[in-house]
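Let's take a walk through this structure together. Keep the viewer open so that you can follow each stop along the way.

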Amino acid sequence: MSRISIKAVGSSGQGINSIGEVIAMGLKRSGYSVFGYREYPSLIKGGHASFQIDVDSIPVRSPGTKTDILITLNHHGFEHNLYDLQKGGIIIHDVDYWEFSKEDQRFIEENDIKIAYIPLDEMLKKLKARPILANVLLTSFVWDMLNQDIELLKQLVREQYQHKGEEVVEKNLECVDAGCIYNDPKLGRVTVSLPKPDSRWKDQLLVTGSVAMGLGALHAGLRVYVGYPMTPSSPLLSYISSVQKEAGLVIKQAEDEITAVQMASGAFHMGTRAMTATSGGGYDLMTETMSMNGMIENPMVVVLAQRPGPATGNPTWTAQGDLLLAINSSHGEFPRLVISVSDPEDCFSLMPEAFNLAEEYQLPVIVLTDKHIAEALCTVPAFDQKKAQILRGKLITDPKALKNLKGSDRYDPSAKDGITPRWLPGYEAETFNAQADEHSADGSIDESAEAAKAQMEKRMRKMKGLKKHLPDPVLYGEKNPEILIVGWGSTKMTVLDVLERLGVEKFGPAFAPLGASVGKGLEVGYLHYTYLWPLKTELFERLAAKAKKVILVECNYQGQLGMLLKQQCGIDIVEKILKYDGRPFYFDELQNLILQNLQTSKPPNLQTAS
Amino acid sequence: MNIPLQSPDNTNGPSMADYHHKNQCTWCDGCGDYGIWTAIQRALVALKLHPWQVFLCFDVGCHGNASDKLMGYRFHGLHGRVLPFAAGAKLANMDVPVIAFGGDGASFSEGVGHLVHAIRSNYPVTFILHNNENYGLTTGQASSLTWQGQPMNASPFGIPERTIASMDFIFSLQPTFVARAFSGNIKQLTEVFKAAIEHQKHGFAFVDVLQACPTYNHFATHEYLLEKCYDVTTEGHDVRDFGQARKIATDTTERIATGILYQNTNIPSFYERLEARKGITTTPVHEVAKRDVSEFMRELL
């Protein structure tokens, strides 16, 4: 029994998210790995939106294009999503006026699609329940269809509505009872079998990347957060704001992105841990300040949550189009670190890394994420809280050590690794000037050729140490892959799902996860880049030289990681699977694209610049 | 006012010598920046603040060249952006007085949005406007405070735009502290700066310092300011009277009112309004530590 998919569609504001979230949490608690994926237009009300849940007993980290159960809250689901259904799929609806076209009817018959009608209005009237409770009726109806424990659903409903009082809870529970016993009179009770549950999922978290990132930042000692709303960075602002009281945070919703990054930079300069997050357009506004932080050697963490551009682009969709922006943004040359998260586990564990490296190397850090990671719900193990340390580099707070400092220690260009002591306003020591003009050792303006050269070299030397310090990209799958897939960011989730399932189909679950091979004896590996600037290429070069085929997978038009690799080590990855339509790679789509690529194109596919 | 030039014994607090920087000033002869630069050091010494106890943030412009002409923890950043950086710094460490300096170009054109929101937010920060009514460092272009009709670099026929009525604009934002002073009156400047720094415990202090730009400003000259400025304290002005303050601040046709024009100590500062910080006695700078997030993870099960 392979993965199944449930998809709720309707207008924004109709409540599909509440259906999706409750079913996702319920199934996780029942012992499934679930992946919740939302598509929605940039509107508050109306439009056509969806919440899809992919379910399996082995890890599921990506949405598929096909669905087994389609719940439609209006007729748009018939228009837009009928052909998303798998053979034998089910549509649940309360649209009593809809007539299918001949073509649709043929599709329905040929694919054995079942259509279950649920008279929501009539049921609500009978229950004396408000229209919004139609969602509870539908959820419960589906829950019964999945053969799941109704008490578990009731418990969830209680948790969700207890803050609204007993009366509201009771009305919701009545709807659960009514929904689960309802059957379409023509179809009778229809059920959909799920794979065998696995109890390991029960204790795992169901979490979006945004929440995971917020938790990671708190774990790393974040104290000040300054934001300006922009999808898909807004859920991070919302989450951090929602826990501000418990965490005692300073939160500021700024008047614009320039303010956000300047305020956070000021706070970081004083010695706390501060951050901001935005998307491409907002990041464009922040770039001058990134350059300033590079110059004054101020640690800073900025989250760049990608969505498709250029310009306002597709605000509520996903992309990996800002990699080269992150690396090349801002005027002048200065050291920086660019890293990318790929899933909620990364979102949590890389935030302490980002803060530590920002302070150890005294430079701005850009953390890339995207709409797909930011908003998708993933099932992941509880975050490991043992691993992270707070590393603050050459920050000096000891009174004795402070007494020995001279102002000219701050930007002393003779520092071997380019990293000089950093100390903070308010601490008793000789003072210095955090100088965004080119400067001498104590931050005095210095336009001399000697100072310009020495300070540029001091700052850029930090990149050498940083590059050495950073881990290599991570190789998943075979150690010596004949087929090498290369990618970064959220693409990892789909790639791993594909590799794991190809392995499972061929060799059985014992070979999962990711130890399995694909196709005619070919061994497959996925090389995942987390640290993107400075870029380490040694492992890639070694693997690429041995591989029969290298395939680049990215959600952008140009293959930006490929461009970067070519620039840095001269190897041009010819085979590219690129997507730039605002959607992430779907599981089955990427599986087909990889298999097609393996079947049709012939090695060698690498070109080395001479 | 006790402002020692040298203090033989450091336990008696700082002296002017502590703020002395080896770098020499580079402003034009007769520039108003000399007076402001002198008065701020005097005010800090009078308040018994050592250089290591203060954070001085400079915008970009002629005044920004003061950033390496005095001691103190200093920051010299981007054009127009000094206020948010200073505000972020202050919120991170409420124990450190934070003083931001900016010109009229930075504050009423490039960064005017920051000024609006700094006043509205009532950040516990002092802001000193170096108001010479033009862009000096870029060789004398018109700012939005340059008088209409004045020929300037890049506008030889005068600016077509109207001049911003800066004080009317400031008062429209419900400020909690407004002062105006003249760079030629160092004694008054010192007093005004002291009061503006002390106002940080209540919120945002806006100090408009009218200064000469002998090279590019040929209309509001040192002589002109010398003649027109008068000290409101000599006329018994009540700084709590918002209406009267606004009136004397905006009406500059006959005379220019200087001194503390308005102060309201009853409005909480931005920091005091933060619900999440109530009851916390430390500052964010001293709170950086690994945090257990188990309580938040429980909600995701």
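Predicted model: local features only at pLDDT ≥ 70, side-chain atom pairs only at ≥ 80, totals over all residues.

Chain A has a mean pLDDT of 93, with 95% of its residues at 70 or more. One stretch to treat with care is residues 505-520 of chain A, where the pLDDT is below 50. In the model, that stretch has 31 contacts beyond near neighbours in sequence.

The crossing of H5(A) past H7(A) is right-handed. On the H5(A) side, the residues that meet H7(A) include A:Leu137, A:Phe141 and A:Trp143; on the H7(A) side, A:Cys175, A:Val176 and A:Gly179 are among them. By class, the residues of this contact between H5(A) and H7(A) are 9 nonpolar, 4 polar and 1 charged.

Further along chain A, look for an open sheet of 5 strands, in the order E16-E18-E17-E20-E22, with mixed pairing. Which strands stand at the edges? They are E16 (474-477) and E22 (575-578) of chain A; each has a single partner strand, so one side of each is left without a neighbour in the sheet. From one strand to the next, the twist averages 25°.

Helix H19 (residues 538-546) of chain A lies across E16, E17, E18 and E20 of chain A, at about 150° to E17(A). Helix H20 (residues 560-569) of chain A lies across E17, E18, E20 and E22 of chain A, at about 130° to E20(A).

Finally, turn to where the chains meet: 48 residues of chain B are in contact with 58 residues of chain A. On the chain B side, E2 (73-76), H3 (82-92), H5 (112-121) and H11 (294-297) each supply at least two residues, and H3(B) gives the largest share, 8 residues. That side of chain B has 27 nonpolar, 11 polar and 10 charged residues. Strands also pair between the chains: E15 (residues 433-435) of chain A and E2(B) run parallel, joined by 3 bridges. There, A:Asn433 stands opposite B:Arg74.

How values were computed:
Residues numbered from 1 in each chain as written. Chains lettered and ligands numbered in written order. Left-handed = near helix turned anticlockwise from the far one by under 90°. Helix = DSSP H or I, 4+ residues; strand = E, 2+ residues; numbered from the N terminus. Contact = placed C-beta atoms within 7 Å. Nonpolar A, V, L, I, M, F, W, Y, C, P; charged D, E, K, R; others polar. Pairing = 2+ DSSP bridges. Axes fitted to C-alpha atoms, helices over the stretch in contact; angles between N-to-C directions. pLDDT = per-residue confidence, 0-100.
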